[in-house]
Amino acid sequence: MSSGPAGGADDAARPGSGEFTATVIVNAPAAKVFAAFMDWEKQGEWIPFTRVRVVEGDGGEGSLVEAVTAIGPAVLRDELRVVKVNAPYEVRVVHCGKVLRGPGSMRCTAMSGDRTQVVLHEWFHLPAGPVGKIAWPVLWPGSKLGFTGALKKFGRLIEQGRLP
């Protein structure tokens, strides 16, 4: 076993086959959008059923962040290591928990009129072999549909002045 940039074991930093991209355009400058995204604890305001907290570090590079999604008795714990911050343009993470593993990034691209395009891209390793590949989009609450909806809510909260 080797320890990659995530600080976890084996190949968590290597892209997995559970890939999705979610995009939203926010009517706010990139610096404001980026600051709102990096406010880890407030992510629970726009990611359904999820509580997020920084468990190690200051939320910047090297920090360990935990997101716990609970729907009834089902609980999914996501641990991610912040591996690169290029404010106000990009943050890269590696999901390094027992179930969710793989790299991810969030990019902010400034557009005319103080608008920002936000692109969230994740490459998860799929659990449970072939069954995981089939069940992945249906079972995991962070699927493309779920995260696109969450990013839309994120954008609305920024535009309403409720984030950051």
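I will go from the overall build to the strands, then to the aromatic rings, the pocket and a few backbone details.

Please keep in mind that this is a predicted model, in which local features need pLDDT of at least 70 and side-chain atom pairs count only at pLDDT 80 or more, whereas totals for chains, interfaces and linings use all residues. Residues are numbered from 1 along each chain as its sequence is written, and side-chain values use heavy atoms, with hydrogens and water left out.

Let me begin with the overall build. The secondary structure of the protein chain comes to three helices and seven strands, where helices (H or I, at least four residues) and strands (E, at least two) are DSSP runs, numbered from the N terminus. Read from the N terminus on, the order of the elements is β-α-β-β-β-β-β-β-α-α. Of the 164 residues in the protein chain, 46% are buried; buried means under 20% relative accessible area, exposed means over 50%, and partly exposed is in between, with a 1.4 Å probe and protein chains only. If we take the contacts between residues at least 6 apart in sequence, 51% join residues at least 24 apart, a contact being heavy atoms within 4.5 Å. The chain exposes about 8,300 Å², and carbon and sulfur atoms supply 57% of that area, which is computed by the Shrake-Rupley method with a 1.4 Å probe, and for residues only the protein chains shown count as cover.

Now to the strands, where two strands pair if DSSP finds at least two bridges between them. Strand β5 (residues 90-96) and strand β6 (residues 101-111) pair in the antiparallel sense over seven bridges, and they form a hairpin with four residues between them. Within this pairing, V94 stands opposite P103 in β6. Three residues lie between the strands of the β6 and β7 hairpin, where G113 takes a positive phi near 75°. D114, in the loop between β6 and β7, has a phi near 55°, a positive value in a residue other than glycine.

Next come the aromatic rings. Rings of Phe, Tyr and Trp (its six-membered ring) pair if their centres lie within 6.5 Å, and planes under 30 degrees apart count as stacked, over 60 as edge-to-face and the rest as tilted. By this rule the count comes to five aromatic pairs. One of them joins F37 and W40, edge-to-face, at 5.9 Å centre to centre and with 65° between the planes. F37 also pairs edge-to-face with F154, at 6.2 Å centre to centre and 85° between the planes. This second pair links distant parts of the chain, as F37 is in helix α1 (residues 30-38) and F154 is in helix α3 (residues 144-159), 117 residues apart.

Which residues are closest to the centre of the largest pocket? The largest pocket has a volume of about 390 Å³, and of the 31 residues that line it, the closest to its centre are Q43, I47, D78, H95 and F147. As for the term, on a 1 Å grid over the protein atoms alone, a pocket is an open set of points where a 1.4 Å probe fits, with protein on both sides within 12 Å along at least five of seven lines, and lining residues have an atom within 4 Å of a point. Grid points are joined across faces, edges and corners, and the volume is the space filled by probe spheres set on the points. The largest share of the lining, four residues, comes from β3.

Finally, some backbone details. The peptide bond from A87 to P88 is cis, with omega near -5°, and P88 sits in the loop between β4 and β5. The peptide bond from L163 to P164 is also cis, with omega near -5°, and P164 is in the segment after α3. F49, in the loop between α1 and β2, has a positive phi of about 60° although it is not a glycine, and F49 counts as exposed because its relative accessibility is 57%.
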